[in-house]
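Here is a short note for a colleague opening this entry for the first time. Please keep the structure in view while reading.

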Amino acid sequence: MKAADAAPRNLPALLAALHEDERDAAVIVGGTPGGTIHLRQGRIVGVDTPGAPSAESTLLKSGRVEDSAWAMACAASGSGGNTLRDELRRRDLLTPEEFEIVCTAALFDGAFALALGSAAEWEVRGPSRPVVTARAFAPHLVTAETTRRLATITELWGSATELARTRIRTANTSPVRLLPRHTDILEAANGRRTPRDIAFALGRGTYAVMLDLSHLRALGLIEHDTPPLGRPSTAPRMPGPRTGTPSPAAPAPLPKRSPGARHPHRSDAV
Amino acid sequence: MPEIHQPEPLVEVLTALREGVMGVSETVISTVDGLLVAADVDAVHAESIAALSAATHSLAHRMAHEAGGTGLRDVTTRSADRHVVVLAINDRALLTILGDDGLDLIRLQHDIHTTLAHLAKILKGDTPA
Amino acid sequence: MSSVEASLSCLLELPGVTGVTLIDAVTGLTYGEAGTNGSDPVECSRLTALIGNGLNAAGTQGELESVVITGTNRLLVVATVPRQGDPLLLTAVLERGQANLALVLHHLGLYAAEVIA
């Protein structure tokens, strides 16, 4: 019996088994966000998930590659054995190195986003061809990096899954000198967007945005409420600034608030 | 905040949809003749979306009919970084969903029937003006 | 070998350069490495972020260009590679007695200009 046929206990175990068998496969992962992990000869070549921007999304949104030029390169690749990487180079749109960098960044960002969803169920299917792929990584490398990222966010912010559901808004503070990418985040943080939404809006990685948000929170430049636990509340919403459900005594420290800031808890007196 | 605040059960359903499905950024409910009913919007102009939704849906309906199809399900418009989905709540009202390019379409398909049913139930109480 | 690693290994031809890496300045992810002497990617990104943010807060114009750390036997050069999107870091470990720092910095700049932008 092949390793992958025995029911694996968790996703890393499944990926390890598929790696051992050198399988070409697409692993469909359930949860919020769910996604698809693409494997070639047991190694991860791409991760698609609504939780993190794809390589294509980051390239187009950041303005690195123009949309119509990208579409033409995609259409031309595949015919005559030309890969997308070759087409992008031939058309002077991206060097192979830069294409590889963007794909690698998106792959690890996608894996991180998948880890934020409760990946309780999965299904192994035949390989689907992801259009945008450059390098392949052994699953244990991806798992190790994902674990490191989760630990980093836990250290800098608190629960990473909670941060993923948190809607961020810019605090009303006097302007400080910031890097352009930090200013962009403050402009995008409108109180409706989660870190993932900001990442899509700016064409950056979800993890990178979370790191920058941690930095901006430390400077007191952003505000947020504790996100509601589980499904969103259907209780009547009061007009005005958003309210959050007080969480039960959690082991994680409560978000820090500057004096004079709005009280985070729902007030019955409103 | 530019959010339109109607103390309306309709807006609650719209907000729940935005919070439940990744990538949903803004939603608009309109009449089939293009009037704005309710909206959960941030940057877009709700009245314009309402008017365009009516036109889009009507055109797609005609197109589906012309092509021999019956029962139009939805109209999806994809651009490089946006998804726009127009669906009928009932034969008088439309729901328009605006999302980013990462919109969780699988989750949306799963959740949309409940949302449409909720909205239809609320709108059922409307009396002729 | 990946495209990044193939082009990085050309930098090893410079005298005294024993290791080069290309990493993400924000996330600390390694995009490629060549040679025997690597540098800790996460520490490099943390260090440059600390210095960059500090310089920025202190009011310096423009972004951090490079950091050179001098040890008894070795030099660690960390050059930032600005691009559309999050910046990258190009790091090189040099043997102090053999390497020409100015030459290495020049070549790191050339690499960044040719390969990344």
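The points below cover confidence, backbone details, aromatic rings, a helix pair and a record annotation.

1. **Confidence in chain A.** This is a predicted model. Chain A has a mean pLDDT of 83, and 80% of its residues reach 70 or more. Residues 231–252 of chain A fall below 50. That stretch still has 38 contacts in the model beyond near neighbours in sequence. Residues 260–270 of chain A also stay under 50. For them the model has 17 contacts beyond four places in sequence. Where pLDDT is low, the predicted coordinates should not be read in detail.

2. **Backbone of chain A.** Most residues other than glycine have a negative phi, and most peptide bonds are trans. Two places deserve a look against that background. The peptide bond from A:Thr32 to A:Pro33 is cis, with omega near 0°. A:Pro33 sits in the loop between strand S1 (25–29) and strand S2 (35–40) of chain A. A:Gln41 is not a glycine, yet its phi is positive, near 50°. This residue, A:Gln41, lies in the loop between S2 and strand S3 (43–48) of chain A.

3. **Aromatic rings.** Across all chains, a search of the whole structure finds two aromatic pairs. One of them joins A:Phe108 and A:Phe137: the ring centres are 5.0 Å apart and the planes stand at 75°, so the pair is edge-to-face. The two residues are 29 residues apart, and the pair links distant parts of the chain. A:Phe108 belongs to helix H5 (residues 96–116) of chain A. A:Phe137 is in the loop between strand S4 (122–125) and helix H6 (139–156) of chain A.

4. **A helix pair in chain B.** How do helix H1 (residues 9–20) and helix H3 (residues 105–123) of chain B cross? Their axes come within 10 Å and cross at roughly 175°. Angles over 145 degrees count as roughly antiparallel, and that makes H1(B) roughly antiparallel to H3(B). On the H1(B) side, the residues in contact include B:Leu10, B:Val13, B:Leu14 and B:Leu17. On the H3(B) side, they include B:Leu108, B:Asp111, B:His118 and B:Ile122. The residues of this contact divide into nine nonpolar, three polar and two charged.

5. An unreviewed UniProt entry annotates residues 11–99 of chain B as "domain: Roadblock/LAMTOR2". Over residues 11–99, chain B is 35% helix and 36% strand. The end C-alpha atoms of this range are 17 Å apart.

Methods
Residues numbered from 1 in each chain as written. Chains lettered and ligands numbered in written order. Predicted model: local features only at pLDDT ≥ 70, side-chain atom pairs only at ≥ 80, totals over all residues. Heavy atoms only, no water. Axes fitted to C-alpha atoms, helices over the stretch in contact; angles between N-to-C directions. Helix = DSSP H or I, 4+ residues; strand = E, 2+ residues; numbered from the N terminus. Parallel < 35°, antiparallel > 145°, perpendicular 65-115°, else oblique. Contact = heavy atoms within 4.5 Å. Nonpolar A, V, L, I, M, F, W, Y, C, P; charged D, E, K, R; others polar. UniProt positions renumbered as here; feature names shortened; annotations may be inferred. pLDDT = per-residue confidence, 0-100. Phe/Tyr/Trp six-rings, centres within 6.5 Å; stacked < 30°, edge-to-face > 60°.
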